[in-house]
Amino acid sequence: MKKKATILTTAAMAVFLVTAGCSSGQSSKGGESEKKVTLTVSAAASAQDALEEIQTNYEKSHSNVTIQDNFGSSGTLQKQISQGAGADLFFSAAEDKFDTLVNDGDIDKKDSKDLLKNELVLIVPEKNSAHINHLDDLKKDSTEKIALGTPESVPAGQYAKQSLTKLSLWDQVKSKVVYAKDVRQVLSYVETGNVDAGLVYKTDALVSKKVKITDEAPAKTHDPIVYPLGIVKDTKHRKEAEAFYMYLQSKEAMKVFKKYGFTAK
């Protein structure tokens, strides 16, 4: 009887160990699938509204992924990444800033895509007390302050300076210019009436009810406004970064971008 009991006990122990092993393996595997990942996206300030809506949609179907944004001027963001700041994706409003990271090896060319296009427009406060209806009106004496992004770091400011120079207006208006750290600050200056006018992307103007568009800078007067997207080579979450990179190119995401005034490249 004792011998039989020993056999049964050994068998029971074996079953327990196998079951425990399976249970442990499933738990470990389940734990991996539930691992929470935070992706940092360094993106041009002009893409903020569209990106926030897209990211909200994405997080609903990817519960293990949280998107953390770092919005700013493309030049500032490029320098941050060059200096080792943590980022998984870079979404620039200028090709030259993006190309700097590609040329320096921070982004692989095969992990990049020219995604969107934008337009440059002249905006004024809703009341338009300076009566600015065309770009030529910027040189009038009644136009005292004009907001632009700092050309060296803000692509919208760079495009604005190019356009005003091409239209032979720059020398006449440069003394009136108030520089801003990014395109959203330009928008804010105009919204609050601290300046008479500003040059921003069309997408920025469309999200505000406090400004109105009175003119558009001809496309031939400035470099093409292209938004490249890329995966930063040093990302610690390659799989998740690739998945979100592909999602931003999807029909669902492009529909949101177009809603905010962007056009596909």
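Aromatic pairs in this predicted model number 10, where rings of Phe, Tyr and Trp (its six-membered ring) pair if their centres lie within 6.5 Å. Planes under 30 degrees apart count as stacked, over 60 as edge-to-face and the rest as tilted. Local features need pLDDT of at least 70, side-chain atom pairs count only at pLDDT 80 or more, and totals for chains, interfaces and linings use all residues. Residues are numbered from 1 along each chain as its sequence is written, and side-chain values use heavy atoms, with hydrogens and water left out.

**Aromatic rings**

- The ring centres of Tyr58 and Tyr247 lie 4.8 Å apart with the planes at 55°, so this pair is tilted.
- Tyr58 belongs to helix α2 (residues 48-61) and Tyr247 to helix α9 (residues 238-247), so the pair links distant parts of the chain, 189 residues apart (helices are DSSP runs of H or I, at least four residues, and strands runs of E, at least two, numbered from the N terminus).
- Tyr58 and Tyr247 are both buried, meaning under 20% relative accessible area with a 1.4 Å probe, protein chains only (exposed is over 50%, partly exposed in between).
- One aromatic cluster is formed by Phe91, Tyr159, Tyr201, Tyr227, Phe257 and Phe262.

- Strand β8 (residues 197-201) is mostly covered, with five of its five residues buried.
- Strands pair if DSSP finds at least two bridges between them.
- Strand β5 (residues 120-125) runs antiparallel to β8 and is joined to β8 by four bridges; Leu122 has Leu199 of β8 as its bridge partner.
- Strand β6 (residues 146-149) runs parallel to β8, with two bridges joining them, and Ile146 stands opposite Ala197 in β8.
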